[in-house]
Amino acid sequence: MLQNIRDNSQGWIAKTIIGVIVALMALTGFDAIFKATTNSNEAAKVNGENISQNELSQAVDMQRRQLMQQLGKDFDASLLDEKMLRDSALKGLIDRKLLLQGAHDAKFAFSEAALDQVILQTPEFQVDGKFSPERFDQVIRQLGYSRMQFRQMLAQEMLIGQLRAGLAGSGFVTDAQVLAFARLEKQTRDFATLNIKADPASVKLTDDEVKAYYDQHAKEFMTPDQVVIDYLELKKASFFDQVSVKDEDLQAAYQKEIANLSEQRRAAHILIEVNDKVTEAQAKAKIEEIQARLAKGESFEALAKEFSQDPGSANNGGDLGYAGPGVYDPEFEKALYALKKDQVSAPVRTDFGLHLIKLLGVEAPEVPTFASLKDKLTRELKTQQVEQRFVEATKQLEDASFEASDLAQPAQDLKLTVHTSAPFGREGGEGIAANRAVVTAAFSPEVLNEGANSTAIELDPETVVVLRAKEHRKPEQLPLESVAGPIRAQLTKEHASAAAKTRADELIASLRDGKVALDKPVDGQGWKATQAATRNQEGIDPAVLQALFRMPKPESKDKPTFTSVTLPDGSLMVVRLNGVNEAAAPTDEEKAEYRRYLASRVGQQDFAAYRKQLESQAEIKRF
C-alpha cells in the first residue's frame with residue numbers, strides 16, 4: 001500500500017496537466033468534447049455561455065467510443081442507452097464550462113511559452129527523444145484536430161489543471177487522522193474460505209423462460225444503428241501529373257538557390273565581459289594588455305585560454321568553428337568579414353563585452369550544378385502549383401457539394417469517382433469510417449436526417465472528402481432464434497449462481513447457529529485458512545479481500561463473523577473472519593507517506609466540493 005500511496009501522491013499535479021491531456025487524448029479521444037464548432041443550436045447555457053448541440057453530439061460520440069474500447073469491439077453499441085449517454089455527456093460539458101469560468105474568475109493564466117513547452121516535452125509528440133512536428137501533426141490529426149484547435153483545448157486543460165492544483169494542493173490532515181489511517185492500513189486479518197461451486201448442469205431452462213427474458217429485455221436485442229455513405233475523395237497527389245514546370249522557371253529557381261550560398265568563415269575570439277563587476281574602462285585595459293602581448297608574438301590561442309571569458313570556446317583557444325552570415329552579433333560579423341586570414345581585429349564592442357577576433361580560415365561555397373538540383377527544384381515548383389490547385393479544387397468541391405442534391409454533379413465537375421463505404425455504426429469502422437470526423441459528419445442531423453452533402457472533411461493534409469448518407473440502417477429487433485443461445489447461457493449462469501448463493505446462505509446460518517462445526521469439511525471440502533492477510537495480499541481475489549476488510553471484528557475466537565462473495569464464474573466464496581491483528585505504530589517515514597496521501601485525498605475532496613459550489617451558484621439552462 002505504501003508504494004501505491006507513493007505512486008498516487010508524487011507528481012499528481014504534473015500527471016493531471018500532462019498525463020490526462022496527452023495519454024487520454026491520444027488514446028481515448030477526449031478531444032470530442034472541446035472541438036470548435038460553428039453550430040448555433042444550443043444544448044445548454046451556463047452563466048450566459050452556450051454549449052452547442054454539435055458539441056454535445058461530439059461528446060456523446062466520445063463517450064460511446066470510450067465504452068466500446070472498454071467493453072471490446074464485439075460489443076453491440078446499439079445496446080447503449082442514448083438518453084443516458086446524452087445526459088452524462090451534457091453534465092461533463094457543463095462541469096467543464098463551470099471550471100473554465102472558475103479559472104477565469106480566479107485569474108489563473110499561463111504564457112504561450114509554457115504551452116509550447118508542454119507540447120515540446122510530451123513523449124507522444126517525440127521521435128528519438130526529440131519533438132517531431134510530423135509526429136505531432138499525425139497524432140492530433142488522428143484525434144480530429146487542427147493545430148489551433150489542439151492548442152485551444154490544451155490551453156483549457158492547463159487552466160483547469162492550475163485551478164485543480166491550487167485547490168487540491170491546499171489539503172491538510174491532523175496527526176490523529178494520520179495515526180487512525182495507519183492503524184487501519186497496517187491491520188492484518190486471519191480468515192478462512194470455502195468455495196461453493198455453481199452447477200450450470202443442474203439448471204433446467206424451458207423455452208418459455210428464454211422467450212420471457214427476450215420479451216422483457218427487447219431493447220437489448222437490437223441491430224446496431226448503421227449508415228452507408230457515398231463519398232468523393234480529392235487527393236493532392238493526383239494534381240502532380242496535371243502541372244508542368246517551364247525551363248525558365250527552373251533556371252530562375254536555380255539562380256535563387258545558389259545565390260543563397262555564402263562563404264563560411266572560421267573565427268576565434270577573446271572575450272572580456274563588461275558587467276556589474278567589470279567596467280568598460282577595466283575591460284578595455286585588459287584588452288590592451290592582451291593586444292600588447294600579441295604584438296610581442298604570443299599565441300592568440302594561448303591568450304584565449306588564459307583570458308577569454310567565453311566558456312564555450314576559451315578551452316579551444318577561442319575557436320568558434322565555421323559559420324556563415326547571420327550567426328554572430330552584427331558588429332562581430334562586420335569585423336570578422338573585414339579581416340584577412342590570420343588577421344586579428346581591433347577591439348569590437350557587443351552586448352557581451354569587448355572582443356578580439358581572429359580569422360582562422362575561409363571556405364568558399366560549393367556551388368552545385370543545375371543538373372544535380374533539377375529534380376529537387378522541379379518537385380518544389382510543382383508542389384507550389386499543386387498546393388494552389390488543391391486549395392482551389394477543395395473550394396470548388398465544397399461549393400459544388402453544397403449546391404448539389406447528390407454527389408453525381410460534383411463528381412462530374414471535378415472528374416472524381418463516387419465511392420461507397422461498408423456499413424458502419426457510431427463507433428466507427430474500417431477504411432474511411434475509421435476517421436472520427438467522417439463518423440461525426442455521417443451521423444450529423446444535416447447528413448443523416450436532412451439528406452444534405454457534408455462539408456469538406458480533411459482526412460489528412462493530402463486528402464479531402466465530401467460525403468452523403470446513401471442508406472440509414474435503423475436499429476431493428478433481432479429474431480429470438482439468433483439470440484436464444486446467449487440468453488440461455490446467461491440465464492443458466494444466473495440460476496446456477498442463485499442456487500449457490502442459497503446454499504452459501506444456508507451454510508453461514510448453520511455455522512452461526514453451531515449446527516455445523518467451524519473447522520469440519522463441508523461436502524468433502526476443507527476450509528482454506530490464511531493468517532495475517534494484508535489489504536494487498538497476493539494470491540487472493542480482490543473482491544474477497546475487499547469484503548474481508550469490511551467485515552466486523554469477531555466478538556471472540558470461537559465466534560467468527562461470516563460473509564459471502566460472488567465470483568465472476570457465478571460460484572460463491574464463503575469467508576470466515578477468525579481474528580483482527582492490530583499493527584505496530586507507524587515509523588516517521590510511513591507517517592510522512594500517509595500524510596501526503598491523505599492530504600492529496602482531502603485536496604481532491606475540496607476540489608469536488610468546489611465544483612458542486614460552482615454548480616449550485618450557476619445559472620444553468622438545459623434545452
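Q: How many residues has helix H20, and how far does it reach from its first C-alpha to its last?
A: A word on the model comes first. It is a predicted model, in which local features need pLDDT of at least 70, side-chain atom pairs count only at pLDDT 80 or more, and totals for chains, interfaces and linings use all residues. Residues are numbered from 1 along each chain as its sequence is written, and side-chain values use heavy atoms, with hydrogens and water left out. Helices (H or I, at least four residues) and strands (E, at least two) are DSSP runs, numbered from the N terminus. The expected span of a helix is 1.5 Å times one less than its number of residues. Helix H20 (residues 588–617) has 30 residues and reaches 43 Å, close to the 44 Å expected at 1.5 Å a residue.

Q: Which residues of H20 are buried?
A: Buried means under 20% relative accessible area, exposed over 50%, and partly exposed in between, with a 1.4 Å probe and protein chains only. In H20 the buried residues include Glu590, Tyr594, Leu598, Gly603, Phe607 and Leu614.

Q: In what order do the strands S1, S2 and S18 lie in their sheet?
A: Two strands pair if DSSP finds at least two bridges between them. Here the order is S2-S1-S18, in an open sheet with antiparallel pairing. Strand S2 (49–52) and strand S18 (620–622) each have a single partner strand, so one side of each is left without a neighbour in the sheet. The twist averages 20 degrees from one strand to the next; axes are lines fitted to C-alpha atoms, for helices over the stretch in contact, and angles run from 0 to 180 degrees between N-to-C directions.

Q: How many bridges join S1 to S18, and how many join S1 to S2?
A: Strand S1 (residues 42–46) pairs with S18 over three bridges, and Ala44 stands opposite Arg622. S1 and S2 pair over four bridges, and Val46 has Glu49 as its bridge partner. In the hairpin of S1 and S2, two residues lie between the strands, and Asn47 takes a positive phi near 50 degrees.

Q: Which helix packs on this sheet?
A: Contact means heavy atoms within 4.5 Å. Helix H4 (residues 82–105) touches S1, S2 and S18, and its direction makes about 35 degrees with that of S1. Lys97 has its place in H4. This residue is buried, with a relative accessible area of 18%. Not counting residues up to four places away in sequence, Lys97 touches Val46, Glu49, Asn50 and Ile51.

Q: At what angle do H4 and H7 cross?
A: Two packed helices are described by the angle between their axes and the distance between the axes. The axes of H4 and helix H7 (residues 147–168) come within 9 Å and cross at roughly 70 degrees. H4 is therefore roughly perpendicular to H7; angles under 35 degrees count as roughly parallel, over 145 as roughly antiparallel, 65 to 115 as roughly perpendicular and the rest as oblique. Among the residues in contact are Leu99 and Ala103 of H4 and Met153 and Ile160 of H7.

Q: In what order do strands S7, S8, S9 and S10 lie?
A: They form an open sheet in the order S8-S7-S10-S9, with antiparallel pairing. Three bridges join S9 to strand S10 (residues 353–363), and Thr350 stands opposite Gly353. Helix H11 (residues 280–295) lies across strand S7 (264–273), S9 and S10, running at about 40 degrees to S10.
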